[in-house]
Amino acid sequence: MSQGNTFHKPKAILDASDVTVQFGGFKAIDNFSFSIERQEIHFLIGPNGAGKTTFLDVVCGKTASKTGKILFGNEDLTKKKEFQIVRSGVGRKFQAPSIFTNLSVADNLELAMEQDKRLFPLLKAKLTSKEQSAIKEMLELINLKSAGEQEAGTLSHGQKQWLEIGMVMIQQPRLVLLDEPIAGMTEEEEEKTGELLLKLKKKCAILVVEHNMDFVRSFSEKVTVMHQGQRLCDGTMEEIQENEQVMDVYLGRQRRETHA
Ligand SMILES: Nc1ncnc2c1ncn2[C@@H]1O[C@H](COP(=O)(O)OP(=O)(O)OP(=O)(O)O)[C@@H](O)[C@H]1O
């Protein structure tokens, strides 16, 4: 299906073109173009230092780009500040934990729902029934239905990651950025996370930076390979693992024999 460089551009929810990010004299991202559609899971893979996390940073406004545009609907995200980008509908789950370990799982979701976190203690008793059912639905979505009242600090590593995803999702983003979502998880948690991503896909677009190729392969979703800040190629995992350059810079030649 893929001809290599564009995926149904007309329906793209995010369309980044010619993005360059420079740190001193070093180009971490070099004229990179990328697009993602609504209700699509799109994996961004590539060797260490390829620029994947930097690209997520530039989409969410954490890092400034030197050139290029990142269109999200009609808005150019390169012109916006981090909080404006969140308000526009881009959610990001960082690798570093951001949950409040001494609060319950449900309270963490509630806190994430509030725009102004300083008001949390005042608002706590005043949840509308709509808000209450949003929290209930989210607990169910992230496999934590029976853990709502549990202290978040007592959750397993995988459950904490799902809670973090829930905290991003409860803000109803149109695009979610995930950096290595299954890092440190057990096999069972990995599998459940895969199922969770497929459920999230019905609600928004998901851009996932991932190193675990077996996990990426378990989806039949689009993959973009980055190398030295540039796009090397894109396609399905089946397609890109046959690409000579991808084998050379990332997957290695063994892959072809193992998965042919
Ligand atoms: N703030 C910074 N200042 C200087 N160089 C940086 C900065 N952030 C990233 N880099 C460099 O930019 C390059 C791209 O880094 P990035 O973290 O985006 O790569 P990555 O593809 O996410 O790698 P990994 O898979 O190892 O996480 C690397 O060479 C990195 O050292």
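Modeller: Start with helix H1, residues 52–59, which gives the most to the shell around the ligand, with three residues. Keep in mind that this is a predicted model. The residues surrounding the ligand are Phe23, Ala28, Gly46, Asn48, Gly49, Ala50, Gly51, Lys52, Thr53 and Thr54. Sort that shell by class and you get three nonpolar, six polar and one charged residues.

Now look at H1 itself. The helix is mostly covered, with seven of its eight residues buried. Those buried residues are Lys52, Thr54, Phe55, Leu56, Asp57, Val58 and Val59. Two of these names, Lys52 and Thr54, also belong to the ligand's surroundings. Move on just past the end of H1 and you reach Gly61. Its phi is positive, at about 85 degrees.

Next, step away from the ligand to a pair of helices. Two packed helices are described by the angle between their axes and the distance between the axes. Here the pair is H3, residues 105–113, and H6, residues 157–169. Their axes come within 8 Å and cross at roughly 30 degrees. Angles under 35 degrees count as roughly parallel, so H3 is roughly parallel to H6. The crossing of H3 past H6 is right-handed. Which residues of H3 and H6 meet? From H3 come Val105, Asn108, Leu109 and Ala112. From H6 come Leu163, Gly166 and Met167. By class, this contact of H3 with H6 has five nonpolar residues, two polar and no charged.

Is Phe94 buried or partly exposed? Phe94 has 15 other C-beta atoms within 10 Å. A buried residue needs 20 or more, and an exposed one has 12 or fewer. Phe94 is therefore partly exposed. Compare its position with that of Val225: in sequence, Phe94 and Val225 are 131 residues apart. In space, their C-alpha atoms are 21 Å apart.

Finally, take in the chain. There are 11 helices and 10 strands in it. The chain has 260 residues, and 39% of them are buried. Take the contacts with a separation of 6 or more: residues 24 or more positions apart account for 66% of them.

Conventions. Residues are numbered from 1 along each chain as its sequence is written. This is a predicted model: local features need pLDDT of at least 70, side-chain atom pairs count only at pLDDT 80 or more; totals for chains, interfaces and linings use all residues. Axes are lines fitted to C-alpha atoms, for helices over the stretch in contact, and angles run from 0 to 180 degrees between N-to-C directions. Helices (H or I, at least four residues) and strands (E, at least two) are DSSP runs, numbered from the N terminus. Angles under 35 degrees count as roughly parallel, over 145 as roughly antiparallel, 65 to 115 as roughly perpendicular and the rest as oblique. A crossing is left-handed if the near helix is turned anticlockwise from the far one by less than a right angle, and right-handed if clockwise. Two residues are in contact if their C-beta atoms, placed from the backbone, lie within 7 Å. Ala, Val, Leu, Ile, Met, Phe, Trp, Tyr, Cys and Pro count as nonpolar, Asp, Glu, Lys and Arg as charged, and the others, Gly among them, as polar. A residue is near a molecule or strand if its C-beta atom, placed from the backbone, lies within 6 Å of it.
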